[in-house]
Amino acid sequence: MAETALSVDRLPDVAARADAPRHAALVRVTHWLTTACFLALLVSGLEIVVSHPRFYWGETGNVLTPPLFSLPIPASRATVPTGYGFVLPDQNGWSRALHFQAAWVLVFTGALYVIWGAVSGHFRKHLLPEAGDRSLQALSRALARHLRFARPAAADAWSYNLVQRLTYIVVIFVLFPLVIWTGLAMSPAFVSAVPATVTLLGGRQSARTLHFLLTVALVSFLLVHVAMVWFAGFSTRVTAMITGAPAPERGSE
Amino acid sequence: MSAVSRRTMITRGLAAAAGLSGLAAAERIADRYGLVPPDHGGIYGPGATLTFAAQRLLTRNSRAREFSRSQISTPPFANEIAPPSDQFKRLQADGFKDWRLEVEGLVAQPASLSLDEVRRFPARRQITEIACEEGWSYVAEWIGTPLADLLRAAGVMPQARYVVYFSIEKPWWESIDMADALHPQTLVAYAMNDADLPPSFGGPLRLRVPRQLGYKSVKFVNRLAVTDSLKRFGKGLGSASPEGGYAWYAGI
């Protein structure tokens, strides 16, 4: 009798775990919204860069100023000396409109995710390194595993490993806030209200250059992220991020 | 379908309906307070409207950054302009003595001002940065008559909502709302870095709107029209920029 009661008691618990999504619905929705926004921002941002593929440091910069660096690409403006004998078509109109609209969606999505992540304990449970992992030894062990391209541990299908957690923390709490900040620093209206947005960065052209370099960092993350998902099992991981379907049972991998 | 999920669906439906009617009410209020840009239609309208509304609320009285004399860019960069029209060349040959700035629309006294008459107002000098939507920028000192002073002298009527300004070089025209038009840093500039504004920089008269990107600082300005509606101008989108795919509001 006691045994039966016990197993009946445990039933909902077991069922709940089997049904538990690998990723919470809010994580899945905000993940793909962010993906869509990021791709829209990337394409439109590159189109805008093509109109002046030169980067400067400080407050001002133009074709009469020596650049910090230039991209070796043709430009969509005849005023920019690129060494190419032709000028690309101007795509800035729709690019700018898409860029700022996607930025708004990204900011709302990010705000929703960050508030939910803080309130639900998602950051504490899933992003903050686990208690046993908060040491340099743990980090070097985890990095060594990654650099050897070791097969992911079975537990990785259920939770993020240390390197993942640290990478996601940097992307979510450092790179995205900085790319938004440097973007706002280029708004003449916004900086008229909050001048420190641009003065702290050393000027408008520094903000633009940092905005570009942060984009390079985010694209690098995206490439490694997709490569790691591929390595870990593309369809299982992508399905988990779309439907929330739990990974195959523990130990079966 | 369980009762719970049906209840969830009804709740969501109600939330969506409330959200939509909330949006409609928000749009009416926003329009009343001048927070909806004239080019708010189309797929990119929501983003353009959010940007304009948010920045208008945040920046109504804020000042564009001003710089020290040592930060003036030497030499400044003169962006490419179309070859001047015959009309412009004739005026230039005469030292622009026949240049006129027409002030018309919702004003008590429409005026047709010569350059000397524009210069007779108290001058404002300011060292600000002009930033092009392409990404480049420079700092210069601009000297001119605050647009607000010209408008006050003409007697702007209370129903005025926008000032439309036209370049002699068609089809270049723009408009700004009264918050920007009456802003102390919005200039009808006639000089730059201690010399008359060169034609390569928009002389003899150029509007300077330092809280927006360079394309709002129209060159060769010869007409200002005060209006309560932008529907009668061009395609009704507020300026030539949206007709060419660019946003009317360029505070970004």
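Biologist: How many helices and strands make up the secondary structure of chain B?

Modeller: Bear in mind that this is a predicted model. Chain B has 252 residues, and its C-alpha trace spans about 85 × 40 × 30 Å along the principal axes. Its secondary structure comes to seven helices and ten strands.

Biologist: What percentage of the residues of chain B count as buried?

Modeller: A residue is buried if 20 or more other C-beta atoms lie within 10 Å of its own. Applied to the 252 residues of chain B, that cut-off gives 43%.

Biologist: Of the contacts in chain B with a separation of 6 or more, what share is between residues 24 or more positions apart?

Modeller: Two residues are in contact if their C-beta atoms lie within 7 Å. Among the contacts in chain B with a separation of 6 or more, the share from residues 24 or more positions apart is 66%.

Biologist: Which element gives the largest share of the side of chain B that touches chain A?

Modeller: The contact takes 38 residues from chain B and 32 residues from chain A. On the chain B side, the elements that give two or more residues are helix H2 (45-59), strand S3 (124-131) and strand S4 (137-146). The largest share is eight residues, and it comes from H2(B).

Biologist: How many nonpolar, polar and charged residues are on that side of chain B?

Modeller: The side in question is the one that touches chain A, with 38 residues from chain B. By class, these are 17 nonpolar, 14 polar and seven charged.

Biologist: Which residue does a cis peptide bond join to B:Gly203?

Modeller: Most peptide bonds are trans. In chain B, the bond from B:Lys170 to B:Pro171 is cis, with omega near -5°, and B:Pro171 lies in the loop between strand S5 (162-167) and strand S6 (173-177). A further cis bond has omega of about 15°, in the loop between strand S8 (195-196) and strand S9 (206-208). There B:Gly203 is joined to B:Pro204.

Biologist: Is B:Phe220 buried or exposed?

Modeller: B:Phe220 lies in the loop between S9 and strand S10 (221-227) of chain B. Its phi is positive, about 55°, although it is not a glycine. Because B:Phe220 has 23 C-beta neighbours inside 10 Å, it counts as buried.

Biologist: What is the phi of B:Ile252?

Modeller: B:Ile252 is found in the segment after helix H7 (240-243) of chain B. With 21 other C-beta atoms within 10 Å, B:Ile252 is buried. Most residues other than glycine have a negative phi. B:Ile252 is not a glycine, yet its phi is positive, about 40°.

Methods. Residues are numbered from 1 along each chain as its sequence is written. Chains are lettered from A and ligands numbered from 1 in the order in which they are written. This is a predicted model: local features need pLDDT of at least 70, side-chain atom pairs count only at pLDDT 80 or more; totals for chains, interfaces and linings use all residues. Helices (H or I, at least four residues) and strands (E, at least two) are DSSP runs, numbered from the N terminus. A residue is buried if 20 or more other C-beta atoms lie within 10 Å of its own, exposed if 12 or fewer, and partly exposed in between; C-beta atoms are placed from the backbone. Ala, Val, Leu, Ile, Met, Phe, Trp, Tyr, Cys and Pro count as nonpolar, Asp, Glu, Lys and Arg as charged, and the others, Gly among them, as polar.
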